[in-house]
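Subject: Structure handover

Hello,

I am passing the structure on to you with this message.

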Amino acid sequence: MRILVAALLAAAVSHADDALPEPVRTKLARDGIAVGTKPMRQVFEAYVDAKTPVFITSDSILNGFHVLLEESILRLETARALGLGDALSLLYAGAKGLEDMEIAPAVREAAARRVRILLGTALLLLGREAPGAPPEAAEEAARVEKAEGVSKPSWLGPPDEGFLAIDYARFRPRGFYERKPELARYFRALGWLQAVPFRVDRDEELVAILLLHDRLDGFGDVDHGRVERARSALTGYQRLLGSADDMTLLDALGYWTDDLEEMRAHYLRARGDPEVQDQVATRREASVRVVGAARTPDAVLFQRTAAVRRPPDGLEVCAALGSAWARARLDGKVLAAVDATEGAFHEGSLYAAYLQCVAALLDAPEPDAPALFKGALWQAKSCHTALAGWAQLRHTWTLQAKRAMFTLGLHDTEPGFVEPEPEFFARLGRLARDTRVSLAEEGAFDLAHDRREFAALLREAARLLREMPEGEADELADSAEGLPDPVLNAALALAYCVGVEVDPDDWTALRKVVEEHLPAVEDEARELTAPLRQAVEGTRFDL
């Protein structure tokens with residue numbers, strides 16, 4: 001990411017040896033603030049080897065927060081990616097059920113077929129087997145992987161006002177999901193499960209979700225740990241991100257009656273129409289999704305402001321957070337829509353808490369703040385800061401929302417400056433604390449997640465190493481047929497931690513190390529030895 005030095009104070013003009021162009025100097029002298037043109041790849045570069053007092057802005061602190069947050073969510077999502085295939089395999093293999101319900105045979109058969117296509121498509125997207133899946137599953141998986149076009153496949157029924165088509169571009173992996181093939185597969189599969197609605201006012205779709213409900217609630221003698229991991233893979237991040245906008249399969253559990261109409265009425269009472277439309281449709285309808293995408297405050301905001309102007313503008317977020325500068329640049333109809341969403345920005349999620357944190361940058365300046373921080377230019381800069389942070393937040397949650405070391409140079413210079421926003425720093429401190437607690441509760445720092453992923457990489461390493469031809473190590477090491485970097489890194493980390501010196505190109509020696517220690521890593525009932533624990537933890541942010 002390329003970051004511009006956004007603010008230059010007269011007392012701290014980045015680096016002394018970087019001569020500022022005359023127009024910039026003129027603006028700096030006149031306004032006390034100017035935008036520099038020197039690009040920097042990391043936010044901390046402006047502070048490293050600084051020869052003048054530094055000015056620590058909210059931008060730099062927020063960027064550090066976002067780097068750590070995204071790495072933590074990456075770890076959570078990597079762990080869930082391992083469990084999603086297990087969850088879908090359990091659902092896919094479940095019995096039809098609903099024997100006690102009075103359902104027309106044709107509706108029951110159509111609903112069961114819809115379920116097999118939906119789950120079969122997701123399993124194929126994950127690289128899993130889907131025995132007996134209808135041919136439409138493979139066709140659908142191909143469309144999702146291509147991620148192009150807008151259409152509604154015939155097995156979902158003809159287009160209607162509530163579901164005209166699927167925009168397949170939504171399934172193109174974005175953000176950190178592009179880093180590893182398994183995360184890209186997870187992105188497509190989970191996005192697919194989020195995208196297909198089961199609308200409760202249509203018999204076939206209602207029966208289909210009841211079939212899934214029956215399967216998820218009736219795993220019977222299946223290993224309890226496997227079932228819990230399966231359910232975890234289908235769960236959203238409610239405390240971190242907020243509630244799902246649509247009822248989810250897990251939401252549907254906890255209530256059951258053998259009367260189809262009572263189940264329909266219950267679902268309609270439990271969750272009304274969604275607030276955010278993520279379908280190609282002309283109206284919103286109550287539906288159940290196998291996995292739900294979260295309803296974020298900004299998504300609700302844009303849903304409402306889009307009704308009075310298109311496309312929505314980021315300034316609307318700043319206006320909703322209290323920026324007088326932003327509000328002065330929006331017309332009355334847009335402001336009315338913005339004000340109508342005020343409650344959404346105070347919901348009890350850490351996503352909403354983040355927005356309230358940056359809102360502290362947009363309120364009236366501190367009474368004793370220098371004049372610079374009271375002018376229109378600084379208000380505009382604060383809106384840029386808030387919107388940049390919001391964009392990074394959305395980037396982190398690109399899949400789960402409904403549509404990496406921090407360094408600061410310490411030098412023997414005069415004391416620097418901190419942006420005079422004490423309420424912002426207080427809120428950010430509370431947000432960082434609450435985020436860490438929530439991430440810990442979600443298992444972001446759980447060694448078991450790392451262990452399962454490490455074991456998966458070692459299994460892949462063992463498989464690939466067994467297939468390596470003899471005597472071709474030098475050629476393979478520099479070819480696309482060699483070990484993928486995450487797999488190779490895991491195998492080398494293992495060898496290093498258990499004290500075995502091995503040449504990365506010596507496939508035979510590397511395979512022996514992996515095969516010798518893989519059983520101990522895979523067996524979650526066994527406590528890891530210190531070297532193996534070091535191997536797992538040492539690759540935590542590199543896998």
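The notes below go from the whole chain to single residues.

This is a predicted model, in which local features need pLDDT of at least 70 and side-chain atom pairs count only at pLDDT 80 or more, while totals for chains, interfaces and linings use all residues. Residues are numbered from 1 along each chain as its sequence is written, and side-chain values use heavy atoms, with hydrogens and water left out.

Overall

The protein chain has 22 helices and nine strands; these are DSSP runs numbered from the N terminus, helices being H or I with at least four residues and strands E with at least two. The chain has 543 residues, of which 50% count as buried. Buried means under 20% relative accessible area, exposed means over 50%, and partly exposed lies in between (1.4 Å probe, protein chains only). The protein chain exposes about 25,200 Å², with 52% of that supplied by carbon and sulfur atoms. Accessible areas come from the Shrake-Rupley method with a 1.4 Å probe, and for residues only the protein chains shown count as cover.

Salt bridges

There are 33 salt bridges in the structure, a salt bridge being a side-chain nitrogen of Lys or Arg within 4 Å of a carboxyl oxygen of Asp or Glu. One of them joins Arg202 to Asp160 at 3.6 Å, N to O. Arg202 is in the loop between strand S6 (198-199) and helix H6 (203-217), and Asp160 is in the loop between strand S4 (150-151) and strand S5 (166-167), so this pair ties together parts 42 residues apart in sequence. Arg202 is partly exposed, at 22% relative accessibility.

Arg283 and Glu161 form a salt bridge at 3.4 Å, N to O. This pair links distant parts of the chain, 122 residues apart: Arg283 sits in the loop between helix H10 (260-270) and strand S8 (287-289), and Glu161 in the loop between S4 and S5. Arg283 is partly exposed at 39% relative accessible area, and Glu161 is partly exposed at 47%.

In the salt bridge of Arg264 with Asp203, the closest N and O atoms are 2.5 Å apart. Arg264 belongs to helix H10 and Asp203 to helix H6, so the pair ties together parts that are 61 residues apart in sequence. Arg264 is buried at 10% relative accessibility, whereas Asp203 is partly exposed at 38%.

A network of salt bridges links Arg170, Asp245, Asp246, Glu275, Asp278, Arg289, Arg295, Arg304, Glu347 and Lys402.

Ala141

Ala141 is part of helix H4 (residues 135-146) and is buried, with a relative accessible area of 5%. Leaving aside neighbours within four places in sequence, Ala141 is in contact with Thr121, Leu124 and Leu125, where contact means heavy atoms within 4.5 Å.

Cysteines

The structure has zero disulfides, a disulfide being a pair of cysteine sulfur atoms within 2.5 Å. For Cys318 the closest cysteine sulfur is that of Cys383, at 3.8 Å, which is too far for a bond. Cys318 is buried at 0% relative accessible area, and Cys383 is buried at 2%.

Regards
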